[in-house]
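Trainee: I would like a close look at one part of this model and its surroundings. Please give the cut-offs as you go.

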Amino acid sequence: MSHFNADTRTQATDLVALYPEPRSALIPLCHLAQAQDGWLTPEAMDDIAELCGVTSAEVQGAASFYDMLHLEPVGTYVIAVCTNIACLLGGALELLEHAEGALGMRAGGTTPDGVFTLHEAECLADCDQTVCVQVNHRYVGGQTPESFDALVGDLRAGRLSETIPNHGTLVRVRRSVGLQVDKAAIVSERAAVAAERAGRAAASGAGEKT
């Protein structure tokens, strides 16, 4: 039985169909799974493995390389505070310390209610707005301790739901365009490649016997 709900399963099969090889959809499928659950569950990785024709270990190995993919539960809102040089000079360590106090945890942790996860981040590439902060990979501008407290309050109250969805949702527009190739042509080409591989394997086997 699939871990994906019906809508996610439909999106997943549509995603796989966009690629010449099913395994090429692995990372997009990981993001889709996070959109459903907020993190990559073992059950979701099993589903992804089935759709891509790989093992669950291969899915986990690929996902563990990317810091945007989480193999353990995270908060509804993942807050990243940049402490690289430009932000550091603008008070990043002070802001991070304030954030830890305001949320009642150290960076790398999640609040007991499961609402917030706090990360110390490398450069977030918005150096003209220090201290740079992202929430669920959305920029929220240069932050001060005062504005951070207001941000947390707005997130808790749901006032930013239009611009900052729950963790895992990268885009709200469904992708519908892949390679501009007729699906029948893709099926035919895949069959031809499979037949060629089978022919080579048979020829190699025959050569070994002679």
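Trainee: How many bridges join β1 to β2, and in which sense do the two strands run?

Mentor: β1 and β2 run parallel and are joined by 6 bridges. The model is predicted: local features need pLDDT of at least 70 and side-chain atom pairs count only at pLDDT 80 or more, while totals for chains, interfaces and linings use all residues. Residues are numbered from 1 along each chain as its sequence is written, and side-chain values use heavy atoms, with hydrogens and water left out.

β1 covers residues 77-82 and β2 covers 116-121. Helices (H or I, at least four residues) and strands (E, at least two) are DSSP runs, numbered from the N terminus, and two strands pair if DSSP finds at least two bridges between them. Q134 has Y139 in β4 as its bridge partner. The two strands form a hairpin with 2 residues between them, and N136 in that turn has a positive phi of about 50°.

Of the 6 residues of β1, 6 are buried, that is, under 20% relative accessible area, with exposed meaning over 50% and partly exposed in between (1.4 Å probe, protein chains only). In a regular strand, side chains alternate between the two faces of the sheet. Here both faces are covered: Y77, I79 and V81 are buried on one side, and V78, A80 and C82 on the other.

I79 and V81 belong to the largest nonpolar core, which has 26 residues; together with L103, F116 and L118, they have the most contacts inside it. Such a core is a set of buried Ala, Val, Leu, Ile, Met, Phe, Trp, Tyr and Cys residues joined through side-chain atoms within 4.5 Å. At least two of its residues come from each of β1, β2, β3, α6 (92-103) and α7 (145-157). Another core, of 23 residues, lies apart from it and includes A12, Y19, L32 and V54. Returning to L118, its contacts (heavy atoms within 4.5 Å), leaving aside neighbours within four places in sequence, include I79, V81, L96, A99 and L103.

On a 1 Å grid over the protein atoms alone, a cavity is a set of points where a 1.4 Å probe fits but cannot get out, and a pocket is an open set with protein on both sides within 12 Å along at least five of seven lines; lining residues have an atom within 4 Å of a point. Grid points are joined across faces, edges and corners, and a volume is the space filled by probe spheres set on the points. The second largest pocket has a volume of about 320 Å³. Its lining has 14 residues, with D67, A80, H119, A121 and H137 nearest its centre. β1 and β2 are the elements that give two or more residues to this lining; β2 supplies the largest share, 3 residues.
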